[in-house]
Amino acid sequence: MACGAIFSSLRRRRSPSLEAFLAPVDLSDVALVQTLVSVTSEIVSSFSDKLFYFQRRNSRSLVRKVEVFLVLLECLTDTASALPWTAVICLKELYLLLYRSKILLDYCAQSSKLWLLLQNHPISGHFHDLNQEISTLLDVFPIEDVELGEDVREQIELLQRQARRARLFIDKGDDELRMQFFRFLHEFEKGRTPDSDDLYLFFVERLGIRDAKSCRHEIEFLEEQIVNHEGDVEPTVPVLNGFVAFTRYCRFLLFGFEEDEVELGIGSQKKPRKGLITQEIAETFITIPKDFCCPISLDLMRDPVIISTGQTYDRTSISRWLEEGHCTCPKTGQLLPNTRLVPNRALRNLMLQWCAAYGVPYDPPECTEASAESFAGISPSKAALAANRATAGLLIQRLADDGSTCAQTIAAREIRLLAKTGRENRAFIAEAGAIPHLRKLLSSPNSVAQENSVTAMLNLSIYDKNKSRIMDEEGCLGSIVDVLRFGHTTEARENAAATLFSLSAVHDYKKRIADEEGGIEALAGLLLHGTQRGKKDAVTALFNLSTHAENCARMIESGAVRALVSALEIEGVAEEAAGALALIVRQPIGATAVGKEEMAVAGLIGMMRCGTPRGKENAVAALLELCRSGGAAATERVVRAPALAGLLQTLLFTGTKRARRKAASLARVFQRCENASAMHFGGLGVGYAFAGNSAANRDTSFVGDVSVQMSISVPVL
C-alpha cells in the first residue's frame, strides 16, 4: 500500500524519488506513444468506475482529464513517427505526470478512511499541483504542429481552459469529519470519554466502518504511518498515537469481540498489492539501482541502516562485520567513533516504491517489531494514555467473563499488543487486574489463547513493578513453567523462556525460578533443540539464573551445564553460554561438573579463537575460573590445551580490557605450571608437547626431549 512518503516526491520543488527510475529511456516516438496509451488506458479502466469515499470530486476530475489525454494519444498513434521534437519532450513529461496521477488515485482508493481524513488538506493540494502541471503541459504542447481531428482539438483546448481556471478544492463535508475526529481526541485529552452514540454515528454512519475487521484495518494503516513517519508530515507521531488508541477503543466499544476477526492467527496476513504500473512497462527497467545494494553483500538491502561515517549498509551485513571485531567502515576504511546503527527510512521508502513498481519481491523487517521500536521511543500523549486505559478496561472485563474462548483470545491478543508499547500501558493494565485472568489462559487448550496470554505476560513483565505482581500471583510462575515445558506452540514455549529471563532480572526471584519443577530442564532442552530465537531465549534465562550462587547444584543436576557446553558450538548463543559457564565454575562443584565435560575446554578454546570480542572475554574468564576452582586436574587440562599460549598472546594485545586482564591472569597460571614442570624434570626446560591429535598425544604431558618451549610475556595491567 502506498505510503505517505510518496507524496514528498509528487511536488516538483521537492527532491524527486521514483520518477528518476521510471523516466522512459531509449524509446522510439512510436513506442513512446504506445506506452503512454497503455498507461493511460490502465488508469481509465482502473478508476473511471471507482467509488472514492473521500476526494471524490478531485479524483473524478483527474480521471476525466486522463480520459481526454487518452483520446489525444489514440489520435497520435497513426502519426507518431512524424511528431516534432517539442511534442516528444511534452509526451515524456506526460509519462511522468500520468504515473504520478496513478499513484495519487491508487493512494486515495486504497488508503484507510481515517488517514485520508487526516491528510485531507495535503492530498487536495497534490491534486491541485497535478492540475497546474497539466495546465503548464498543455500550454507548451505544440497542438498546431501535430495532426489532430477537429473534435480532438476542441477537447484539448477545452481541457486547457478548464485547467487554467481550476482552483484548490477542499471538500467541506470531508473537512468537517476531519475536525470531528480531532474533537473526539480532544475529549480524551481533557479526561472525558465521548458519547458512544456520537462515536457510532461517526464511525458507522458517516465513515462506513461497520465491523471489527474494517476497524482493525484502519488501526493497522495508522500504525504503518507511524513507522514510516517523516518529520515534516502532519499530524505528528504523538497525535497519530492518540488516534490509534482512540480507534482501538472504538473498535471494542462499538463492535465487541467478533469471532470472524481472529482466524486465530497472531498476525494479519497482508494481501499482495497490484503493481503501480503494468508488468510490460516494468520489464524495461530490470537493473537494481546501485544505491539499493549493500556494499558488503552486493544484494538488495532488506533493512538499510546508516553508520557513523554516513555510509549505508544492510543491517545484517554490517552487524556481522562489527561482531567480528572490526572497528572501521568497510567502504571508506575510516575508524568508527561509535557502532550506532540508524535506520535509513528515506532509502527504505524509495526501495519499497521501486520494488512495488517493478514487481521485485521485497521482504522488509517485520512491521510489528519496527512499530514497537518506534512506539517505545515516543512519549505518549494524554489522549493516547486515556484511550488506552479505557480500552484496557474493556479488554480485562472481557477476560473476566466466562464467555466464548474466542472473545477471550482476542482480548488477550489486544492486551499483548497494548503492553508492547510503553511502560504506562504496562502499568495500568496490571493495575486493572489483568494478570490473574491471563494466568488462567496459560492453561487453555486453545493454542492461540495460550500463546497470546504468555506473550502478554512477557510484555507486562518488562515493567519492574509488574515482576512482583506476577511472582506474587498464586500459581502464575508454575503456569509459565508449564507453558515452557508443554506449550502448544513453539512461540509459546519461547516466550515462556523469555518471561523467565525477564523475571530473573530480580535477584530474589532467581532461586524460586530455578526451584520450580522442570523449569531448568526445559530451558536446557530448548537451548539444545529449539529454534534460533528459542535458543537465545533459553541461554539468556540460564545465564541470569547462573548468577545466583545457590542455583549451581540445580544447574548441574538438571543437565543445564551439559547443554551450555554443547551450546559453545552454536552460533548466536555461544557467547552467553560461555558467560554462564564462567559463573558456574566459580564454585568447586560447578568447576568439577564442567571439568568432567569432555568438550568444555575445547569449546572454550575454540571461542577464544573464533568468537566475538565479548565471547572471547567470557571464554578466557571461564577457563581462568576453572583453573582457580577446579583443582590441579582441571588446571592441567586447561594449560595442556593446544594453541592456548598463542591465543593468550593475541588476546593480551587485541582483546577487550576485561579480556586482557583475564588473559594476563591465565597466562600467569600457565607460566607457574610450566615452571613447576621444568623444576620437576631437573630444570631442563621441558615444556608441553602440543603436536599431534591422537588420544595418546593428548594424554601425555611430556614427550622425552621433544618439546615446544612456551614463553608468554605478561603485561602489567
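Start with a contact between two helices. On the α8 side, F181, F182, F184, L185 and F188 take part, and they meet V239, G242, F243, F246, T247 and Y249 in α11. Contact here means heavy atoms within 4.5 Å. Sorted by class, the contact of α8 with α11 has nine nonpolar residues, two polar and no charged. For those classes, Ala, Val, Leu, Ile, Met, Phe, Trp, Tyr, Cys and Pro count as nonpolar, Asp, Glu, Lys and Arg as charged, and the others, Gly among them, as polar.

A word on where this comes from. This is a predicted model, in which local features need pLDDT of at least 70, side-chain atom pairs count only at pLDDT 80 or more, and totals for chains, interfaces and linings use all residues. Residues are numbered from 1 along each chain as its sequence is written, and side-chain values use heavy atoms, with hydrogens and water left out.

Now the geometry. Helix α8 covers residues 172-189, and helix α11 covers residues 237-255. Their axes come within 10 Å and cross at roughly 85°. That makes α8 roughly perpendicular to α11. Axes are lines fitted to C-alpha atoms, for helices over the stretch in contact, and angles run from 0 to 180 degrees between N-to-C directions. Angles under 35 degrees count as roughly parallel, over 145 as roughly antiparallel, 65 to 115 as roughly perpendicular, and the rest as oblique. Helices are DSSP runs of H or I with at least four residues, strands are E runs of at least two, and both are numbered from the N terminus.

Stay on α8. How does α8 pack with α16, residues 382-400? The angle is about 80°, and the axes are 7 Å apart. So α8 and α16 are roughly perpendicular to each other. From α8 come L185, F188 and E189; from α16 come K382, A383, A386, A387 and A390. The classes in the contact of α8 with α16 are six nonpolar, no polar and two charged.

Buried means under 20% relative accessible area, exposed over 50%, and partly exposed in between, using a 1.4 Å probe and protein chains only. Not counting residues up to four places away in sequence, D174 touches F54, Q55, R56, L117 and N120.

R248 sits in helix α11. R248 is buried too, at 10% relative accessible area. Leaving aside neighbours within four places in sequence, R248 is in contact with I219, E223, N388, T391, E414 and L418.

Back to Q55, one of the residues D174 touches. Q55 lies in the loop between α2 (29-47) and α3 (56-76). Its phi is positive, about 55°, although Q55 is not a glycine. Most residues other than glycine have a negative phi. Q55 is buried, with a relative accessible area of 5%.

A643 also has a positive phi, near 70°, without being a glycine. Look for A643 in the loop between α33 (631-639) and α34 (644-654). A643 is partly exposed, at 37% relative accessible area.

On to the strands. Three of them form an open sheet in the order β2-β1-β3, with antiparallel pairing. Two strands pair if DSSP finds at least two bridges between them. The edge strands, each pairing on one side only, are β2 (312-314) and β3 (342-343). Strand β1, residues 304-306, is joined to β3 by two bridges. V305 has P343 as its bridge partner in β3. Helix α13, residues 315-323, packs on the sheet and touches β1, β2 and β3. The direction of α13 makes about 95° with that of β2.

Last, the whole protein. The secondary structure comes to 36 helices and three strands. Of the 717 residues, 52% count as buried. Among contacts with a separation of 6 or more, residues 24 or more positions apart account for 72%.
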